[in-house]
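Visitor: Please take a close look at the site around the ligand in this model, and describe the contacts and the surroundings in one connected account.

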Amino acid sequence: MKLCMIGTGYVGLVSGVCFSDFGNDVICVDRDLNKIKNLKKGIIPIYEPGLEELVIKNYKNGRLKFSTDLKMSVSRSDIIFICVGTPTKKKSNAADLSQVYNVAKEIRNSISKFKIIITKSTVPVMTGDEIEKIISQKKTKKLFSVVSNPEFLREGEAIRDFSYPDRVVIGTADRRANQILKNLYSPLISKGAKYINTSRRAAELIKYASNAFLATKITFINEIANLCEKINVNVEDISIGMGLDKRIGGRFLRAGPAYGGSCFPKDTKAIITTANQYDINLSVIKSVIKSNKNRSSILLKRVSEILKGKIKNKKICFLGVTFKANTDDMRDSSTLLMIPSLIKKGAKVNYYDPTGLKREFVKYKNVICSKDIKSAIAESDLIIIHTEWNDFKSINFKLLVKNKKSIIFDMRNIYSSIKMKKLNINYFGVGR
Ligand SMILES: NC(=O)c1ccc[n+]([C@@H]2O[C@H](COP(=O)([O-])OP(=O)(O)OC[C@H]3O[C@@H](n4cnc5c(N)ncnc54)[C@H](O)[C@@H]3O)[C@@H](O)[C@H]2O)c1
């Protein structure tokens, strides 16, 4: 099939590459000239394990193309995926849909034969209705079908998640579009993915409800972790004990820093905004947002307690600064709150992230990016393990830490407290 992905970011690039790998003819379009130029040279704009190999393979075999020419790309394709950003609006908590609607306006002029227009971007309920209205101002409804097909991939696991999803959700009442999409997704269905055809509005809401629920699970266990710290119980035991119940499930039930990233923070806010429009109070999600906001303050308070209130001039090392492992995405990472706050209190921060220097911290003179783990932790008073990269899972702290009094605060509970105690290392986890 001939596909066009509009927006070559985390979602557009990953899904475009995977679709081409299944044998489709895909053009990934972006308005960012540099990004497209680099992709044509095999330079990948994001860090995502396994992506580079797949891009190079499919670009070389001609099934994957890159372009900035939206008009041409849409004209030659049968299925158009809108994969542009839907960030939070600057002055409210609603999703900013300007990129999505701009695309709808741009593509309507390039439709001369039947096309399926799909929102893969996360969009609030009834965005599909609006896109349909925008396009039908210029084209007859016989020429297009607007479908919702939310994406559930996780950064860091994107190729695997896309290729082996639990479910494919298709929101459309159009039988023809549904049949075409069922064929498109047949390689995934044959590997066990459940194919769900529902209404367009339901598909749009499934995505928001799913993200809000996952954010709730993380926040829930983070609060239980706070209690565990007071009563000398290990939150890991609680996660295992709860997670083994199939009704609950163990995933997204591990205590740690506040959730962040490009999805949960904005999507929880956006679903509340949608509900407010209908006078519905999503009180659970509201408390989740509040609790998550407070999470970084709780962890900072813990840092202060660990350092006995003496933060000034302390050398604090962060291992990992992105919102989670295996991604370079800094959007809404909890370090964006924690590091400036520690600097303000007089700390000197040194960080190492496997995806390199972060422009977000360049403006702080007391924040240094180290080139490797060894130099990052060497002279630290406090080492904070912020992100769960494999690189941080078997560090020989005894060998690497020059300041023998240094303390470890493991915000991901990677290490065993008992083993650390045996090694005579001053070690703290969360919810333990
Ligand atoms: N990142 C994730 O893990 C993830 C997972 C599931 C769903 N989503 C959703 O998918 C959507 C995209 O997210 P992302 O993280 O891939 O965003 P992104 O910011 O990485 O990529 C969006 C791309 O769209 C391009 N773009 C914007 N307007 C354009 C236009 N008119 N023409 C061509 N290109 C244009 C931008 O230049 C950018 O490269 C969002 O709605 C997000 O909520 C993201």
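Guide: In this predicted model, an oxygen atom of the ligand is placed 3.0 Å from a polar atom in the backbone of tyrosine 10. Side chains also take part: an N or O atom in the side chain of glutamate 106 is 3.3 Å from a nitrogen atom of the ligand, and a polar side-chain atom of serine 262 likewise lies 3.3 Å from a ligand nitrogen. Taken alone, the ligand would expose 830 Å², and the protein buries 90% of that area. Two elements, helix H1 (10–21) and helix H5 (98–107), each give two or more residues to the shell around the ligand, and H5 supplies the largest share of that shell, with 3 residues.

The shell can also be described by its members. Of the 27 residues around the ligand, the ones that come nearest are Asp30, Lys35, Thr86, Glu155 and Lys266. Sorted by class, the shell holds 9 nonpolar, 9 polar and 9 charged residues. Because domain 1 (2–198) and domain 2 (232–432) both give residues to this shell, the ligand lies between the two domains.

A separate description can be given of the second largest pocket, which has a volume of about 330 Å³. This pocket is lined by 15 residues, of which Pro265, Asn292, Lys293, Asp332 and Leu337 are the closest to its centre. Helix H12 (264–277), helix H13 (283–306) and helix H14 (335–344) are the elements that contribute two or more residues to the lining, and the largest share, 4 residues, comes from H13. By class, the lining of this second largest pocket consists of 6 nonpolar, 6 polar and 3 charged residues.

Terms used:
Residues numbered from 1 in each chain as written. Predicted model: local features only at pLDDT ≥ 70, side-chain atom pairs only at ≥ 80, totals over all residues. Heavy atoms only, no water. 1 Å grid on protein atoms, 1.4 Å probe; cavity = no way out; pocket = protein on both sides within 12 Å on 5 of 7 lines; lining within 4 Å. Points joined across faces, edges and corners; volume = space filled by probe spheres on them. Nonpolar A, V, L, I, M, F, W, Y, C, P; charged D, E, K, R; others polar. Near = heavy atom within 4 Å. Polar contact = N/O pair within 3.5 Å; in protein donor to acceptor, adjacent residues only side chain to side chain. Areas by Shrake-Rupley, 256 points an atom, 1.4 Å probe, with all protein chains shown as cover. Domains from an automatic or database assignment.
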